Amino acid sequence: MHAGAHNAITDIPGILVGHAAVTGEDALSGTTVVLCPRGGATAGADVRGAAPGTRETDLLAPGNSVQRVHAVVLSGGSAYGLAAAQGVMDRLEAAGEGFPVPGGVVPIVPAAVLFDLGRGGRFTARPTAETGAAAYDAAAPGPVLQGVVGAGTGATAGGLKGGIGSASVVLDDGTTVAALVAVNATGSPVHGPTGRLLGARHGLPGEFPDTEVAPEAVEELAAVFRRRRTLTPATATSLAVVATDATLDKAGCGRLATVAHDGYARSLDPVHTAMDGDAIFALATGDREAPGPEALYALHAAAADVVARAVVHAVLAATPVSTRGGSWPSYRSVTGVGEPAGGAR
């Protein structure tokens, strides 16, 4: 096994990623869009957190009619941020992409939101349809910008600055599995006694720095976690999109999303709390044949691993932020641990 060319979700052929940030004074929020190949991708979802904000997830149930989605939107702004999906729908409609109906098309755009309201200092600075349209316009293949961008602009993780991360793996049979995560967790990405990132043990050889964290930095990380300000219900949430080029039906995508949640459990402690609305979408483009039992097992195992690795990339790529709404150090600013190998920053 090895990472794809960009160690990112765009290693799945046809998938594009775009980010946009809310503009204006005292703003710290944004939107990320994952665009599917032309014609869409089969999709499923699994929402585990107790405080979710989602759109079109019921449509992804196996028994429901529509089989393919055309984009997935991850956004800041809590429930207000669901408006960003409208901008993506508008762009897709203009491009002729959507579920065909008499007179036109209806783009299918599931979405989920995380809480970052007021973190820039202005509560009303949140994504709109225009933000979603800007993320669509920025969507591109190749390296994925990570860290304090898009839906990760206002994200935090256990008191540290959170953000966007991505990772991929090519399995022995040639199947690619990848994830993009917006890390905005109540729980911590750090192993308290050592100061190391929890998910780093699931990295590929040489992917993450193998550096001891100094005792004073371990103490500071513990203090940052104690000072975190996400202990009000519904004020966190980590979001992810997992994708593969294998052929899966909607039930198979739902199961892939379910197993992918294990990646959160490996890299964030705790997860799925009353403060979090953790959700994962899964996409299957169908460029490769349907996996048999052994290949399906490997696919599921890889989904959990790429989510855990994407969380680590997000935390390592994040930079400190200080606004009128608060200040958040980054893992690197506290520990001095360097950037990982691979992935765009």
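Me: Starting with A140: what is its relative accessible area?

Reply: A140 has a relative accessible area of 30%, so it is partly exposed. Buried means under 20%, exposed means over 50%, and partly exposed is in between (1.4 Å probe, protein chains only). This is a predicted model, numbered from 1 along each chain as its sequence is written. Local features need pLDDT of at least 70, side-chain atom pairs count only at pLDDT 80 or more, totals for chains, interfaces and linings use all residues, and side-chain values use heavy atoms, with hydrogens and water left out.

Me: Where is A140 placed?

Reply: A140 is in the loop between α2 (129–138) and β10 (156–157). Helices (H or I, at least four residues) and strands (E, at least two) are DSSP runs, numbered from the N terminus.

Me: And what is A140 in contact with, leaving aside neighbours within four places in sequence?

Reply: T10, L16 and V17. Contact means heavy atoms within 4.5 Å.

Me: OK, helices. At what angle do the axes of α4 and α5 cross?

Reply: Roughly 40°, and the axes come within 7 Å. Helix α4 is residues 250–267, and α5 is residues 293–317. Axes are lines fitted to C-alpha atoms, for helices over the stretch in contact, and angles run from 0 to 180 degrees between N-to-C directions. That makes α4 oblique to α5. Under 35 degrees counts as roughly parallel, over 145 as roughly antiparallel, 65 to 115 as roughly perpendicular and the rest as oblique.

Me: Which residues of α4 and α5 make the contact?

Reply: On α4, they include L256, V259, A260 and Y264. On α5, A301, A304, V307 and A308 are among them. By class, this contact has 11 nonpolar, three polar and four charged residues. Ala, Val, Leu, Ile, Met, Phe, Trp, Tyr, Cys and Pro count as nonpolar, Asp, Glu, Lys and Arg as charged, and the others, Gly among them, as polar.

Me: How many residues are in the largest nonpolar core?

Reply: The largest core has 45 residues. A nonpolar core is a set of buried Ala, Val, Leu, Ile, Met, Phe, Trp, Tyr and Cys residues joined through side-chain atoms within 4.5 Å. V177, V181, V242, Y264 and Y331 have the most contacts inside the largest one.

Me: Which element gives the largest share of this core?

Reply: That is α5, with 11 residues. Another core, of 30 residues, lies apart from this one, and A112, L180, A243 and L283 are among its members.

Me: Switching to α1. Which residues there are buried?

Reply: In α1 (residues 84–94), A84, A85, G87, V88, M89 and L92 are buried. They pack against several elements, including β2 (30–35), β6 (71–75) and α2. Just after α1, G96 takes a positive phi of about 75°.

Me: What is phi of N7?

Reply: Near 50°, a positive value in a residue other than glycine. Most residues other than glycine have a negative phi. N7 is found in the segment before β1 (16–21). With a relative accessible area of 6%, N7 is buried.

Me: And where is E56 placed?

Reply: E56 is in the loop between β4 and β5 (68–69). Its phi is near 65°, a positive value. E56 is partly exposed, with a relative accessible area of 30%.
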